Amino acid sequence: MNQPAQPPALWAGGINWFKYAAPQTFYPLAGTMIPWFGWAAAVLCVAGLYIGFFIAPTDHQQGESYRIIFIHVPAAWMSMLVYLAMAFWAAVGLTFNTRLSHMMATALAPTGALLTFLALWTGALWGKPTWGTWWAWDARMTSELILLFLYFGFMGLQAGIDDPRRADRAGAVLALVGVVNIPIIYFSVKWWNTLHQGASVSLTSAPTMAATMLAGMLLMALAAWFYTIAATLHRVRSIILEREHGAEWTRPLRENPR
Amino acid sequence: MNWGGWNEFWAMGGYALYVWGSYGVTIALIVAEIALLRARRRAALRHTGTSNS
């Protein structure tokens, strides 16, 4: 018996989901999804910015500086969500030994790092006029900085290991260990006395901001979601090609890219 | 409408540095990421179907 290791079939809703765990099947599917998510992100971004700059009123305390919120909050939310998605795919990859899951984790990391950097950068530019300082070592900001280092560490670790299978597993373990940082970021403003303000939006209480401000922010958050999905799918397609460059099915793509 | 004209819009009530500093860097980094994504895909396609990397 010399069969290649096959992942067990996972049937739900009449679909064998492991079919899409094969890079060969996922590659064209991802390709058709990218323009949809990309254009949806662009449209939502334009709508969000229009509401954010032309309809949402001036804040009576912070003046116009609060308009940084339309980038800052979506970037900060997504920086955490992308990490959770990365850790999820890492866990799936370790459990089922599916290569595509690890590729998804790898593909998420650079966009996650970008969003984390933007959350920190826009936070500094917002902190200066509001608190009088670019940076403070408070729990919220420090844990978000640690998140940036976790992304860099994940990418550096994977880049530093030549054998892709070992790089996948090492990265996955790091991603899973680092996931403890996410609740620390999220609850930091509750657990500690931080310079950073508490949540303005939560699932359990009414938002403490004007409806138009909230609408602009939520549209931008949705745009950030769709952008992240489009960018990640685009990157995972490249990773698939890089890892499968010798495979028979990739050969026609050289002449006829899809 | 919040603004009396484009000058007022760009001035952002005196917070132009902070607001446009945020938006400018965000746009620059997203443009850079898209360029890097496209470059990576082109490079990957060049090696596709060959047995050596």
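Among contacts in chain A between residues at least 6 apart in sequence, what percentage join residues at least 24 apart? The share is 75%, where two residues are in contact if their C-beta atoms, placed from the backbone, lie within 7 Å.

This is a predicted model, in which local features need pLDDT of at least 70 and side-chain atom pairs count only at pLDDT 80 or more, while totals for chains, interfaces and linings use all residues. Residues are numbered from 1 along each chain as its sequence is written, and chains are lettered from A and ligands numbered from 1 in the order in which they are written.

View 1. Helices (H or I, at least four residues) and strands (E, at least two) are DSSP runs, numbered from the N terminus. The end C-alpha atoms of α2(A), residues 69-96, lie 40 Å apart, which agrees with the 40 Å that its 28 residues should span at 1.5 Å a residue (the expected span being 1.5 Å times one less than the number of residues). Just after this helix, N97(A) takes a positive phi of about 60°.

**View 2. Helix α7 of chain A beside helix α2 of chain B.** The axes of α7(A), residues 211-243, and α2(B), residues 16-47, come within 9 Å and cross at roughly 25°, with axes being lines fitted to C-alpha atoms, for helices over the stretch in contact, and angles running from 0 to 180 degrees between N-to-C directions. The two helices are therefore roughly parallel to each other, a term for angles under 35 degrees. Residues of α7(A), including H234(A) and L241(A), meet residues of α2(B), among them L37(B) and R41(B).

Terms used
Angles under 35 degrees count as roughly parallel, over 145 as roughly antiparallel, 65 to 115 as roughly perpendicular and the rest as oblique.
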